[in-house]
Amino acid sequence: MDIDDILAEVGGDGSPPETRDLQELTRAWVTERSAPELLPWPPDLMERVLGRIHQQIEVVEEQVGNVDPKTNFRLIIIQTELERFKFLVRSFLRTRMAKIDKYALYILSNPTQTGRLSASELQYANSHQSLLELHYRSSFLSQFPTSLQRLDDTAGGISMIEQPDTDTAVFVRALRDIEEPIVIEGTDTDFEMRRGDVYVVRWSAVREHVMSGDAELI
């Protein structure tokens, strides 16, 4: 099974819930790793996935030591699926934390970005930024004039807040026909995307379509 098999159309008839959740989680993981900015936290998906992980851990713990070959084989299957889910969740969370670390001040100063965090991520972002500011002040900022100690200074029209580069090129695939043309801002270029089409394009041009589920990053 390759990545295209896993990223098959979500919600197909006959697919068990755990398979659909695996597809959704894999798509969320790939998209988060490919997008230059933090994407909205998927609360329903993560609640289901984390709940399933806890259930499978309980099953494994209950059955450990059982000498029945059939039970042991079932445990191997459960543990394999469990490790797959755990890998995706860990990598997904680490990717999001790396973006929070890099763009903490931008995220916390932008209500739209803050709204994309989970409650735990918001707490982490606030703690991270507080510790970073404390470290900077104790190390060197305290020696600067008060007017130069701000980390969010925009004097001279230049912002000190690091932001994601939304013009980063991404690989995007259309999941369904997109009626309105894709416009590349600042150029006279536009194009249409049909289901299955793959393009290399600026993230800013396809962001809304990816977030709406009309397209996916690959």
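How many of the 218 residues in the protein chain are buried, as a percentage? Buried residues come to 35% of the 218, where buried means under 20% relative accessible area, exposed means over 50%, and partly exposed is in between (1.4 Å probe, protein chains only).

A quick word on the ground rules. This is a predicted model, so local features need pLDDT of at least 70 and side-chain atom pairs count only at pLDDT 80 or more, while totals for chains, interfaces and linings use all residues. Residues are numbered from 1 along each chain as its sequence is written, and side-chain values use heavy atoms, with hydrogens and water left out.

**Overall layout**

The protein chain has seven helices and five strands, which are DSSP runs numbered from the N terminus (helices: H or I, at least four residues; strands: E, at least two). Going along the sequence, the pattern reads α-α-α-α-α-α-β-β-β-β-α-β. Take the contacts (heavy atoms within 4.5 Å) between residues at least 6 apart in sequence: 60% of them join residues at least 24 apart. As for the surface, the chain exposes about 13100 Å², and carbon and sulfur atoms supply 53% of that; accessible areas come from the Shrake-Rupley method with a 1.4 Å probe, and for residues only the protein chains shown count as cover.

**The nonpolar cores**

In soluble globular proteins, nonpolar side chains tend to be buried together. A nonpolar core here is a set of buried Ala, Val, Leu, Ile, Met, Phe, Trp, Tyr and Cys residues joined through side-chain atoms within 4.5 Å. The largest one has 17 residues, and Val172, Trp203 and Val206 touch the most other members. At least two residues each come from strand 1 (169-174), strand 2 (178-183), strand 3 (190-193), helix 7 (203-212) and strand 5 (215-217). Helix 7 gives the most, with four residues. Not counting residues up to four places away in sequence, Trp203 touches a list of residues that includes Ala35, Pro36, Glu37 and Leu39, along with Val170, Val210 and Leu217. There is also a second, separate core of 14 residues, and Leu25, Met46, Ile53 and Phe92 are among them.

**Salt bridges**

Count a side-chain nitrogen of Lys or Arg within 4 Å of a carboxyl oxygen of Asp or Glu as a salt bridge, and you get 13 of them.

| Salt bridge | N to O distance | Where the partners sit |
|---|---|---|
| Arg48 and Glu24 | 3.7 Å | helix 3 and helix 2 |
| Glu37 and Arg207 | 2.8 Å | loop between helix 2 and helix 3, and helix 7 |
| Arg173 and Glu216 | 2.7 Å | strand 1 and strand 5 |

Arg48 is partly exposed at 36% relative accessibility, and Glu24 is partly exposed too, at 30%. By contrast, both Glu37 and Arg207 are buried, and that pair links parts of the chain 170 residues apart. Arg173 is buried at 17% and Glu216 is buried at 2%.

Asp21, Glu24, Arg48 and Arg52 are linked in a network of salt bridges. Leaving aside neighbours within four places in sequence, Arg52 is in contact with Pro17, Glu18, Asp21 and Phe85.

**Aromatic pairs**

Rings of Phe, Tyr and Trp (its six-membered ring) pair if their centres lie within 6.5 Å; planes under 30 degrees apart count as stacked, over 60 as edge-to-face and the rest as tilted. That gives five aromatic pairs. Trp29 and Phe87 have ring centres 5.9 Å apart and planes at 70°, so the pair is edge-to-face. Trp29 lies in helix 2 (residues 17-34) and Phe87 in helix 4 (residues 69-108), so this pair ties together parts that are 58 residues apart in sequence. Trp29 is buried at 14% relative accessibility, whereas Phe87 is partly exposed at 46%.

Tyr136 and Phe140 make a tilted pair, with centres 5.5 Å apart and planes at 40°. Ring pairs link Tyr136, Phe140 and Phe144 into a cluster.
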